[in-house]
Amino acid sequence: HVQLVESGGGSVQVGDSPKLSCSISNERYRDRCMGWFRQVSGKEREGVASIDSYGTTGYTDSVKGRFTISEDNAKNTLYLQMNSLKPEDSAMYYCAEAAGPTAFWACSNPQMKRSDFDHWGQGTQVTVS
């Protein structure tokens, strides 16, 4: 039984800097990759940011320099700090976990693959206008 629950989304203005949270209820694996994805209706789910068990992070080009992924292990929480939001950032944002055999590949692949992640939250909507 694994639960990932996102929060922090909502309607914001261009230039705002909200912070998304993902509460995690899961076994802590030796090899683990946590990620944030986003999806717009009619488009493919896109990998946004990832962080592995050692704190190494990765970002898609469109958010580099603006978004920061982090985690608080004591609180079992994953975060996505989003700065200087643009209308094109509007999407449903999902947190996801890869654990076990796929974790290495999930955080090592320059392009995050949806199929590499095993557990998903229900998403939180971010609308920028």
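Modeller: Let us begin with pairing: two strands pair if DSSP finds at least two bridges between them. The model is predicted.

Biologist: What makes β9 and β10 a pair?

Modeller: There are 2 bridges between β9 and strand β10 (residues 119–120), which run antiparallel. The cut-off is at least two bridges, so they count as paired. In β10, H119 stands opposite E97.

Biologist: Which other strands pair with β9?

Modeller: Strand β4 (residues 32–39) pairs with β9 in the antiparallel sense over 8 bridges, and F37 stands opposite Y94 in β9. Strand β11 (residues 124–128) is joined to β9 by 3 bridges, also in the antiparallel sense; there, T124 is the bridge partner of Y93.

Biologist: Why is strand β9 called mostly covered?

Modeller: A residue is buried when its relative accessible area is under 20%. In β9 (residues 91–99), 8 of the 9 residues are buried, so the strand is described as mostly covered. Of the 129 residues of the protein chain, 40% count as buried.

Biologist: How do you know that the radius of gyration agrees with that of a compact globule?

Modeller: For 129 residues, the globule rule gives a value near 14 Å, and the protein chain has 14 Å; therefore the two agree. The C-alpha trace spans about 40 × 30 × 25 Å along its principal axes.

Biologist: What is the order of the elements from the N terminus on?

Modeller: The order is β-β-β-β-β-β-β-β-β-α-β-β, which comes to 1 helix and 11 strands.

Definitions and conventions
Residues are numbered from 1 along each chain as its sequence is written. This is a predicted model: local features need pLDDT of at least 70, side-chain atom pairs count only at pLDDT 80 or more; totals for chains, interfaces and linings use all residues. Side-chain values use heavy atoms; hydrogens and water are left out. Helices (H or I, at least four residues) and strands (E, at least two) are DSSP runs, numbered from the N terminus. The radius of gyration is taken over C-alpha atoms; the globule rule is 2.2 Å times the number of residues to the power 0.38. Buried means under 20% relative accessible area, exposed over 50%, partly exposed in between (1.4 Å probe, protein chains only).
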